[in-house]
Amino acid sequence: MAVAPDIREAPPLAIAGQPNPRPWRRLRLPNSLGVRLGLIGASLLFLAPFYWMANSALKNIHELSAIPPTLYPHAPAFENFVRAVTYIPFGTFLLNSVILTTGVTVGAAISNPLIAYGFSRIKWPGRDFVFGIVLASIFLPFPVLIVALFDIFAKLHWIDTFLPIIVPAFFGNPFFIFLMRQFFLGLPNEISEQARIDGANEFQVFLHIIMPLAKPAVAVVVIFAAVQAWGEFLTPLLFLQDESKYPLSIGLQFYRQEHDVAYNLLMAASTLIVLPVVALFLAFQRFFIAGITVGAVKG
Amino acid sequence: MIAAPRLRRFRLSPEDWRNLRTALPFIAPWIIGFLAFTVYPIVYSLYLSFTNYSGFGDATAAGFDNYRHMAKDPLFWQSLSNTLYYAALAVPIGVVVAIALALMMNQNIREVAIYRAAFYLPSIIPLFALTFIFIVLLNPGFGLVDFLLERVGLPAVNWLGDARWTRLSVVLLAQLGAGGPALIFLAGLRAIPSELYESALLDGAGPIRRFQKITLPLITPVILFDLIYGTILGIQIFTPAYVLTGGTSGGGAYTAGPENSLLFYVYYLYKNAFQYSDMGYASAMAWVLFVISVLLALAIMRWSRYWVHYEAT
């Protein structure tokens with residue numbers, strides 16, 4: 001008697017589920033104290049690496065080599081942060097990271113809404129089949145392409161420029177196309193129809209009617225694209241050779257000199273790289289959650 | 001405005017043509033990008049895989065030499081087995097951890113948003129930075145992990161220096177990213193109608209039974225997605241191995257961790273292409289990786305018929 005009929009249509013990817021209007025109450029363990037302890041313990045497990053990063057970043061070289069290790073910095077060496085940014089050309093790497101992240105994010109913000117619009121707000125023959133190819137390309141391992149891509153970019157004389165990393169972002173990303181498309185599909189058709197009747201062409205409908213409504217979804221794309229580009233490792237490693245072009249991801253290896261690694265400086269630099277991501281997350285938590293659980297994006 | 005079901009027509013109506021023309025400028029960037037940055041490279045690397053090519057000068061025809069060489073190359077087989085070993089552990093463990101996190105994120109507790117944030121945050125931290133943090137965390141001298149192990153009376157482990165533990169260290173590292181898939185599972189959990197749990201409660205089913213009979217079957221489609229996507233990501237594992245072994249700047253050109261235990265498939269592919277300038281061989285490896293990924297995805301799909309729960313009528 002209890003089998004509800006409304007769960008039958010599991011979406012193919014199962015991440016496009018409709019938000020459940022009901023309060024979410026399940027699997028409640030009897031003792032909420034025990035549950036809390038479990039949750040706190042698991043949280044500590046996931047945050048411990050970052051505590052250890054900050055802890056190690058603040059130790060001087062003597063304290064760092066103490067055995068057993070000190071659980072908090074007894075003599076916090078804040079100057080490690082100054083030394084970390086002067087030990088390697090941190091400023092140059094940071095600037096390169098910012099340029100790459102900005103370029104990729106701008107590309108993602110322009111291309112994905114446009115493409116997703118073509119896959120959702122206009123009904124053309126073969127649309128769903130072609131969109132199937134977009135989705136399938138999510139499952140193609142990128143490393144399959146790297147040898148050929150390198151050769152192609154070399155022939156274009158793009159190696160050692162930011163172009164091989166930024167330009168592809170202007171041609172859309174299947175995840176972001178999927179995400180934007182889910183959002184567009186949720187908007188009623190009437191708003192487009194009205195504008196068309198008033199004589200707007202499709203691009204005007206896109207730009208003046210749909211895009212203003214899509215700001216939250218674009219924000220999700222922007223945030224994810226920025227986080228992804230900030231952490232990008234393989235493409236800069238492949239396509240950038242001159243040290244002056246390196247972003248932080250590749251530049252960090254220079255804390256390793258000969259057989260010695262300046263671990264405290266490395267951790268100080270890692271802290272500086274992690275902090276903007278944490279700040280972005282804390283500021284836009286809602287968008288992160290919405291982006292992952294696509295379909296739940298609301299204005 | 002849902003089009004009524006009708007017979008598939010091979011002739012397009014004027015309206016179809018108009019819509020196609022309208023849509024084309026919107027999707028053109030994707031078509032161009034897909035052809036230029038995906039289709040063409042795949043085809044081009046198939047061609048390169050049958051050549052000898054250093055990246056400079058011209059590629060010379062080599063027939064099946066690269067593939068024959070692969071069959072006899074012990075490092076190729078080691079990189080493949082390292083990768084499969086890693087994926088075989090990291091992917092199922094990842095699914096279990098993600099489900100566990102999702103169940104915890106779904107608890108009806110006032111401050112649950114804080115725990116949710118704690119579980120999710122590590123998954124958006126750049127992987128290279130996480131790897132550097134792991135180097136410090138797992139250090140036998142000043143690392144936290146061995147310190148804690150010794151505190152509770154367990155032997156310290158040389159995580160990154162002992163060939164038996166290096167790959168497991170990367171498996172552990174990967175679990176820090178479980179917060180992302182956990183959110184997808186959380187969405188799946190929330191889509192389960194609460195009436196199911198209510199009637200199960202009336203029938204006197206305990207939490208474990210409710211999980212087995214209701215929760216687990218209803219999230220099997222998400223498990224399938226996570227398994228396939230996780231496997232595809234797993235066989236691409238590269239960044240942690242590169243960072244842990246010092247990449248180009250540290251270690252001998254041919255070593256990748258103790259006893260080459262961190263020589264993962266893509267790492268070896270990368271070394272062949274960009275350190276040994278053997279682009280032909282690397283292309284052949286790329287194609288084999290492509291085929292492996294398709295076969296693994298198909299195998300999981302086929303296997304899933306036995307356990308994915310689609311609500312029967």
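Predicted model: local features only at pLDDT ≥ 70, side-chain atom pairs only at ≥ 80, totals over all residues.
Helix α7 of chain B spans residues 166–175. Of its 10 residues, 7 are buried, so the helix is largely enclosed by the rest of the structure. The buried positions in α7(B) are B:T166, B:R167, B:S169, B:V170, B:V171, B:L173 and B:A174. These buried residues pack against three helices of chain B, namely α3 (74–105), α5 (127–137) and α12 (239–244). In an α-helix, with 3.6 residues a turn, residues three or four places apart point the same way.

Positive phi values at residues other than glycine occur in chain B at B:E259 and at B:N260. For B:E259, phi is about 50°, and for B:N260, phi is near 60°. B:E259 is located in the loop between α12 and α13 (265–275) of chain B, and B:N260 is likewise placed in the loop between α12 and α13.

In chain A, the peptide bond between A:I67 and A:P68 is cis, with omega at about -5°. A:P68 lies in the loop that runs between α2 (61–64) and α3 (79–87) of chain A.

Conventions
Residues numbered from 1 in each chain as written. Chains lettered and ligands numbered in written order. Buried ≥ 20, exposed ≤ 12 C-beta atoms within 10 Å, placed from the backbone. Helix = DSSP H or I, 4+ residues; strand = E, 2+ residues; numbered from the N terminus. Contact = placed C-beta atoms within 7 Å.
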